[in-house]
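Colleague: I am new to this one. Could you walk me through how to read it?
Modeller: Gladly. Let us take the features in turn.

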Amino acid sequence: MSDPVKYLLDEQQLPRFWYNINADLPKPLDPFLHPGTQQPITPDELSVIFPRAVIEQEVSTEREIEIPQPVREVLRQWRPSPLYRARRLEQALKTPAKIFYKYEGVSPAGSHKANTAIAQAFYNKAEGVKRITTETGAGQWGSSLAMAGSMFGLEILVYMVKVSYNQKPYRRAFMETFGAQCIASPSDTTESGRAILAEHPDSSGSLGIAISEAVELAAQRDDTKYALGSVLNHVLLHQTVIGLEAQKQLEMADAYPDMVIGCTGGGSNFGGIAFPFLGEQLRGGREVECIAVEPTACPTLTKGLFAYDFGDTAHLTPLCKMHTLGSTFVPPGFHAGGLRYHGMAPQVSHLAKLGFIKPRSYNQLECFAAGVQFAKAEGIIPAPEANHAVRAVIHEAEKCRESGQSKSILFNLSGHGNFDMQAYTDYFGDKLKDLEYAENEVAMALSGLPSIG
């Protein structure tokens, strides 16, 4: 009993400020551009779909941004989240590596997404917004925003990517329990959805399509705003509570990570765990190897171009400088629905381009095998998205076993897989296969990138 398994912080140690990595970037981000004029977008133009406080955070270069007390009051129901030392996994792997994981599945919604859902719901409510529209892939973001909406008295409308809508009925039920409306995307409720269905009646959907539908509706009503669960600066900002807590907990463990690992779809859980450590490095502190892990079937960082692109399929959003596979690309329907996005967060893309982040991709089957191996050792079944991070961790721990080097590895276990058991059932029944993205479809999507003067 002398070797701790978990490191816990008291509620009073919940961070009082979010960390903004924009303050420490060696080169500033390229600006968001208006889709019509291709000029840097103004706060007034963004206010059509976002509340003012969120817009201010999006463009801020202040290192610390205070977390409002009402947000902290809600967050402390599950925060600070535990940091675990994966001792049983280390033993199973016979590795000298020290493996730590921040477990975000303790939130009521089951993932890290609640950290920004609560903040965004608060800011919308404070501005008098009545309804929020959004998209969701695997349903973790939709679940979190549905919960947050019920806490702040907001109507929530969620467009859920159709392949995940069909794969994950319990996620839909979760959202509906909190009073949210969940619609399979593409749908016939929007012009952008109808346009997709007219050309592709059997479309499995994508996050880009679902974003188009949600943004379209938000722009039509003065009492409605749009909320995004990943990609944008303010979302990654809200997630830094994860890494800030982990820094304090690792001090308790007398450890500092040699590497930080997270799965990447839009970039929020990776940025949440990695950015506070990257910030230390950028300010002259200890170097840390940051590994961003994505699906081979949607290889945004490893295969995409670093270019300006739309965040959605119907080209309603501002243009972002990011790694992209093209806004019209529809990834194959693998089970990690939260990682099926054509683009990557501008901040993550920018840092990867500067060499501070190392991207990596894995196939679906090896990620599920890693998730099962982790579950048998640690007793937690990871979400399919988090399995990508687990796969990389096991890979690195095995390298330590072969070299005899004892590295400290920190990763973000971003959510549990309790609503994803059909995916595991399919895996055990040999119904899953490794899916490949269609290179010709990516080529077509990339050929349509906007030409920026």
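**Reading the features**

Modeller: Start with a sheet. Four strands form an open sheet, in the order β8-β7-β6-β9, with parallel pairing. Keep in mind that this is a predicted model.

Colleague: Why is one side of β8 and of β9 left without a neighbour in the sheet?
Modeller: Look at the partners. β8 (181-185) and β9 (224-226) stand at the edges. Each has a single partner strand, so one side stays without a neighbour. From one strand to the next, the twist averages 25°.

Colleague: How many bridges join β7 and β8?
Modeller: Five, in the parallel sense; β7 covers residues 155-161.

Colleague: Which strands does helix α10 lie across?
Modeller: Helix α10 (residues 207-218) lies across β6 (131-136), β7, β8 and β9. Its angle to β6 is about 170°.

Colleague: Next, the records. What domain does UniProt place here?
Modeller: An unreviewed UniProt entry gives "domain: Tryptophan synthase beta chain-like PALP" at residues 77-415. In the model, that span is 44% helix and 19% strand. Its end C-alpha atoms lie 16 Å apart.

Colleague: Is Lys113 buried or exposed?
Modeller: The cut-off for buried is under 20% relative accessible area. Lys113 has 13%, so it is buried. Leaving out residues up to four places away in sequence, Lys113 touches Gln140, Trp141, Ser144, Gly229, Ser230, Gln239 and Ser268.

Colleague: Now the rings. How many aromatic pairs are found in the whole structure?
Modeller: The search finds 15. One of them joins Phe329 and Tyr437, edge-to-face, at 6.5 Å centre to centre and 85° between the planes.

Colleague: Where in the chain do Phe329 and Tyr437 lie?
Modeller: In distant parts, 108 residues apart. Phe329 is in the loop between β13 (319-324) and α15 (346-353). Tyr437 is in the loop between α18 (421-428) and α19 (439-447). Phe329 is buried at 2% relative accessible area, and Tyr437 also counts as buried, at 17%.

Colleague: Which residues form an aromatic cluster?
Modeller: Tyr84, Tyr101, Phe374 and Phe411 form one. Rings can also face a charge. Arg172 lies over the face of Tyr165, at 4.1 Å from the ring centre.

Colleague: Which residues does the cis bond with omega of about -5° join?
Modeller: Arg79 and Pro80. Pro80 lies in the loop between α3 (69-75) and β4 (83-85). Another cis bond runs from Ser185 to Pro186, with omega near 10°. Pro186 is in the loop between β8 and α9 (191-199).

Colleague: What is the phi of Lys94, and where is Lys94 found?
Modeller: Phi is near 55°, a positive value, and Lys94 is not a glycine. Lys94 is in the loop between α4 (87-93) and β5. At 65% relative accessibility, Lys94 counts as exposed. Asp430 also has a positive phi, about 55°. Asp430 lies in the loop between α18 and α19, and it counts as exposed at 69%.

Note on methods
Residues are numbered from 1 along each chain as its sequence is written. This is a predicted model: local features need pLDDT of at least 70, side-chain atom pairs count only at pLDDT 80 or more; totals for chains, interfaces and linings use all residues. Side-chain values use heavy atoms; hydrogens and water are left out. Two strands pair if DSSP finds at least two bridges between them. Helices (H or I, at least four residues) and strands (E, at least two) are DSSP runs, numbered from the N terminus. Axes are lines fitted to C-alpha atoms, for helices over the stretch in contact, and angles run from 0 to 180 degrees between N-to-C directions. Contact means heavy atoms within 4.5 Å. UniProt positions are given in the numbering used here, feature names are shortened, and annotations may be inferred rather than shown by experiment. Rings of Phe, Tyr and Trp (its six-membered ring) pair if their centres lie within 6.5 Å; planes under 30 degrees apart count as stacked, over 60 as edge-to-face and the rest as tilted. Buried means under 20% relative accessible area, exposed over 50%, partly exposed in between (1.4 Å probe, protein chains only). A charge sits over a ring if NZ of Lys or CZ of Arg is within 6 Å of the ring centre and within 35 degrees of the ring normal.
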